[in-house]
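Work through the exercises below with the sequence and the structure at hand. Each task is followed by a solution in steps.

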Amino acid sequence: MPQIFLDGQAFEARTEQTVLQVALEHGVFIPRLCWHPKLSVAGNCRICVVQVEGRSWVEIACNMPVSEGLRVLTDSPLVREHRKATMQFITLNHPVDCGICDKAGECTLQDYHVAFNGEASISREPKVQATKFHRLSERITLDNERCILCTRCVRFTREVSKSNALGVKNRGDHSLIRPAEGDDVRLLDDDAYSENIVDICPVGALLSTRLLYKERVWYLQATPSVCPGCARGCAIDVWHRKPEWKLRTLDARHNTAIVRVTPRDNPAVNGPWICNKGRDLALLLERPRADAALRKGRAVALDEALAAARELIGRARHPVALVSSWGSDEELAALDDALGDRFTCFVKDDHLPADGEVVEDDLLIRADKNPNGRTARARFGHQALQFAPDTDLVLVWGEGCDFGRLPRGVPVIFLNAFLAAENGHAEVFFPTSVHTERDGHFTNADGVRSAFSRCVDRPTGVVDAERVFRALASVPAGVAP
Amino acid sequence: MSSIVASLMPEFERLRQRFPEGFDSSMTLPCLRRIQELRGHVADEDISALVQWLGVPRIQFEEVLSYYTQFRRRPVGQVRLEICRNVSCSLRGAERLIGHVCQRLGVAEGGTTSDGRFTVTTAECLGSCGTAPVMVVDDEYHENMDIEKADRLIDAMSHADGGRGG
Ligand code: SF4
Ligand code: SF4
Ligand code: FES
């Protein structure tokens, strides 16, 4: 374990580390633009320069191996001078159009400019102009003028997603991030992880087309959550409008809608990445919602629905429950506590791989398209659904149940978050919350338990499944209440 | 596989032996260069053949091809005239020379004569400042050029059976 000194202070390092890695691990700040913890070292931006004590020049920390007794200055006058000059250079052809740039407010270049340079360009040359709205893929728009050619996006497609979709064409100030020609021009469309390059781009060059000019990030807040898209259960941040910036005009849905989803780095689950399906969480969760309890298709008060369900359960001798693999750990426990001993339970796949969806790969995406199948099966077993001939009540929780395959003439209690024809076919129906409307946990396929927090309030009329289960508890068998 | 790549394959295979494993992308430059030496330019089908053989993504070939301006993606004339227009050559009359050659052959810079005989391009520094201006004919340097010398060269090469390059 070599010992190195950063600004005179001693730190233990591991032999394979670089000076930058040691610094970051111990909270010593060294700026970086091209370096990314999960990508190879490119060493092209030169913003990470440091000075080895006693030397009259600077070197890049991201590519400097540690060695015993190495003494490095991270903020000497020489380092500051070089950073400033580097910022001048990086922004030489940059349009500085922060006022209309979606990245403004969370842009590394903007932050570093303020921190290290803070001056207008000293160049008198006209700036080189380049493409402003290049459609890089169905999801991503590229602004070549803002690109600082750090090649993070290129390395991501080569080293992480392995689509090899991007490269740097031409050279010098004519360089452009581009896909290959011919059929390869579409490679990024087929890259299930492509939108990560929007996050790792340190500037506003790569932009989500869907969000283009839609929001300013300082109006948004992030809530820690878990993607329910598959059994990986990636840690995510779900972004909504801040309550203090509520819109009073326009459509009120703007105030509760998911604006964007970004990865929340969790080394035990997903690292700093998520797949594009996670970005499209709104497509999953913002489908038309059920917002009223129903009794044989007629809207009723929640209490009336609960009473009806209690009565059905009370009368049943051989009730069966189809358990949602989208239920949280807490909801599954509540069901088990309340009704586990009365019902024969089978775990149901609420979602199966959709047409054209990547079923499974060796990066993140899992074939099980449900977030909590593991906990559900640990509680309720792995047995395949089979109705005994004497089944006299079915409780269906969540999507993915073909009502045509339920035993004929047997009453159904149904809990579902979304509008569906089946809601009205059930004897009793409860409109339930989605996971962004409550706190809870999912346990992923590898057994990692992750918490999610409430992002928005439950819509009026919607109830948590956990509350329904508790209310249905302790109905004795064979006795009408 | 393109016929040029097929004919170069024994040579490429020998070259590959000289690279350590996992360095296939280092083969892009020498392969593309040999193809251009034989064909005069690198065609799309050559890239496809190399992609297939080396397993290196197409984008990496395109990076190399677009980085080095010496690579050509389109057919050029039988004779390539390249005139430097950097500082030393310009001080010694390169602009006049370029204008004259283009006018005489009836082409714009970068253009090819309608008979497919000549292509005229310009370059930024061909490393011949001491003997500026320089005109490179195919890969041969002609130094201290002036209009008369250029005319004589072009006269000699104007017909497939005359002069060099015929
Ligand atoms: S587009 Fe962004 S990530 Fe890609 S090279 Fe340019 S600045 Fe870097
Ligand atoms: S890999 Fe699975 S959990 Fe992760 S973002 Fe994609 S769908 Fe969601
Ligand atoms: S972070 Fe070290 S050179 Fe870019």
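The exercises concern a predicted model and go from one chain to an interface and then to a ligand site.

**Exercise 1.** Describe the fold of chain A by its helices, strands and extent.

Solution. Start with secondary structure: chain A has 12 helices and 22 strands. Next take the extent: the C-alpha trace of chain A spans about 90 × 50 × 45 Å along its principal axes. Then turn to burial: 53% of the 481 residues of chain A count as buried. Last, look at contacts in chain A with a separation of 6 or more: residues 24 or more positions apart account for 64% of them.

**Exercise 2.** Which residues of chain B lose the most area to chain A, and which salt bridge involves B:Glu63?

Solution. The area buried between the two chains is about 1,000 Å², and carbon and sulfur atoms give 47% of that. On the side of chain B, B:Ile59, B:Glu63 and B:Tyr67 lose the most area, together 47% of what that side buries.

In one of them, the side chain of B:Glu63 meets that of A:Arg158 at 3.1 Å, N to O, which is within the 4 Å cut-off. Seven residue pairs are in polar contact across the interface.

**Exercise 3.** Which cysteines are among the residues surrounding ligand 2?

Solution. Read through the surrounding residues: they include A:Cys227, A:Cys230, A:Cys234 and A:Cys275. Then sort the shell by class: seven residues are nonpolar, three polar and one charged. A:Lys277 is also one of the surrounding residues.

Technical notes:
Residues numbered from 1 in each chain as written. Chains lettered and ligands numbered in written order. Predicted model: local features only at pLDDT ≥ 70, side-chain atom pairs only at ≥ 80, totals over all residues. Heavy atoms only, no water. Buried area = accessible area lost by both parts, 1.4 Å probe. Polar contact = N/O pair within 3.5 Å; in protein donor to acceptor, adjacent residues only side chain to side chain. Near = heavy atom within 4 Å. Nonpolar A, V, L, I, M, F, W, Y, C, P; charged D, E, K, R; others polar. Helix = DSSP H or I, 4+ residues; strand = E, 2+ residues; numbered from the N terminus. Buried < 20%, exposed > 50% of the residue type's maximum accessible area, 1.4 Å probe, protein only. Contact = heavy atoms within 4.5 Å.
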